[in-house]
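Subject: Structure for you to look at

Hello,

Here is the structure I said I would pass on. Please open it next to this email and follow along; my notes come after it.

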Amino acid sequence: MDAQPANQLADAARRGDKAAATRLIELFYERIYAFLRRLAGNDADAADLTQRTFSRVWEALPTFAGRSSFSSWIHGIAHHVYVDWRRANRLEPRSDEWWGARVAGGPAPDETVASADLAATIFAMVDNLESDLRDTVHLHYYQELTLQETADALGVATSTVKYRLRQALAELQKRLSKDRQPLKVPTPAKAT
């Protein structure tokens with residue numbers, strides 16, 4: 001959205017043009033909602049915050065001087081609405097003992113990050129494999145095709161798929177061993 005037409009619509013809305021106000025909502029509602037959805041983390045709060053934002057926009061519209069684009073102005077209001085909401089919804093402080101008694105059931109944050117980092121590294125390494133190995137790995141492991149389905153998709157024998165998977169895994173192990181712990185190699189599944 002160009003700044004000029006939005007600023008012109010804002011001027012018209014400020015003068016009481018309901019069609020211009022409706023058009024501003026049409027232009028910015030989804031963008032503001034998406035922005036607040038990313039900040040709030042859920043649909044219900046984002047919808048509520050979006051309504052609050054537009055309510056504040058209409059209250060503050062007479063003060064919009066056009067020194068910035070309407071888009072940056074409305075996003076600034078949305079951000080302030082979010083910050084006010086966060087301040088009002090802060091949880092009461094908890095002691096270290098309280099937090100210590102609530103151990104998470106899943107992996108620790110550092111384990112999650114390490115796992116994601118390793119997965120990204122392996123994915124990048126797979127993309128750098130020779131095309132026949134890369135395609136076989138993508139179909140069998142990432143697309144979860146059976147050995148037979150992978151063979152059919154590639155137009156090769158099942159034994160060729162098994163051979164390519166072993167070759168790809170051996171190559172990945174070799175590349176990973178330079179920087180990391182050895183990769184645990186899964187045994188290729190039986191053809192079904």
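A place to start is G155, which sits just after helix 8 and takes a positive phi of about 70°. Please keep in mind that this is a predicted model.

Helix 8 itself comes next. Its buried residues are L147, T150 and A151. They span an arc of only 100° around the axis, which means they lie on the same side of helix 8. On the face turned away from the buried side of helix 8 you will find D152 and A153, which are exposed. Helix 7 and helix 9 are among the elements that cover the buried residues of helix 8.

Helix 9 runs over residues 158-177. It has 20 residues and reaches 28 Å from its first C-alpha to its last, close to the 28 Å expected at 1.5 Å a residue. Which residues of helix 9 are buried? They are T158, V161, R164, L165, A168, L169, L172 and L176. Their arc around the axis is only 130°, so they are on the same side of helix 9. The cover over these buried residues includes helix 6 (109-127), helix 7 (131-142) and helix 8 (147-154).

How do helix 7 and helix 9 pack, at what angle and how far apart are their axes? The angle is about 105°, and the axes are 9 Å apart. Angles of 65 to 115 degrees count as roughly perpendicular, and helix 7 and helix 9 are therefore roughly perpendicular to each other. On the helix 7 side, the contact is made by D132, L133, T136, V137, H140 and Y141. Helix 9 contributes V161, R164, L165, Q167, A168 and L169 to this contact.

In soluble globular proteins, nonpolar side chains tend to be buried together. The largest nonpolar core here has 27 residues, of which F28, L36 and F70 touch the most other members. Helix 1 (3-14), helix 2 (18-40), helix 3 (43-60) and helix 4 (70-88) are the elements that give two or more residues to this core. Helix 2 gives the most, with nine residues. Another core, of 14 residues, lies apart from the largest one, and its members include M125, A151, L165 and A168.

Regards

Conventions: Residues are numbered from 1 along each chain as its sequence is written. This is a predicted model: local features need pLDDT of at least 70, side-chain atom pairs count only at pLDDT 80 or more; totals for chains, interfaces and linings use all residues. Side-chain values use heavy atoms; hydrogens and water are left out. Helices (H or I, at least four residues) and strands (E, at least two) are DSSP runs, numbered from the N terminus. The expected span of a helix is 1.5 Å times one less than its number of residues. Buried means under 20% relative accessible area, exposed over 50%, partly exposed in between (1.4 Å probe, protein chains only). The arc is that of the directions from the helix axis to the C-beta atoms. Contact means heavy atoms within 4.5 Å. A nonpolar core is a set of buried Ala, Val, Leu, Ile, Met, Phe, Trp, Tyr and Cys residues joined through side-chain atoms within 4.5 Å. Axes are lines fitted to C-alpha atoms, for helices over the stretch in contact, and angles run from 0 to 180 degrees between N-to-C directions. Angles under 35 degrees count as roughly parallel, over 145 as roughly antiparallel, 65 to 115 as roughly perpendicular and the rest as oblique.
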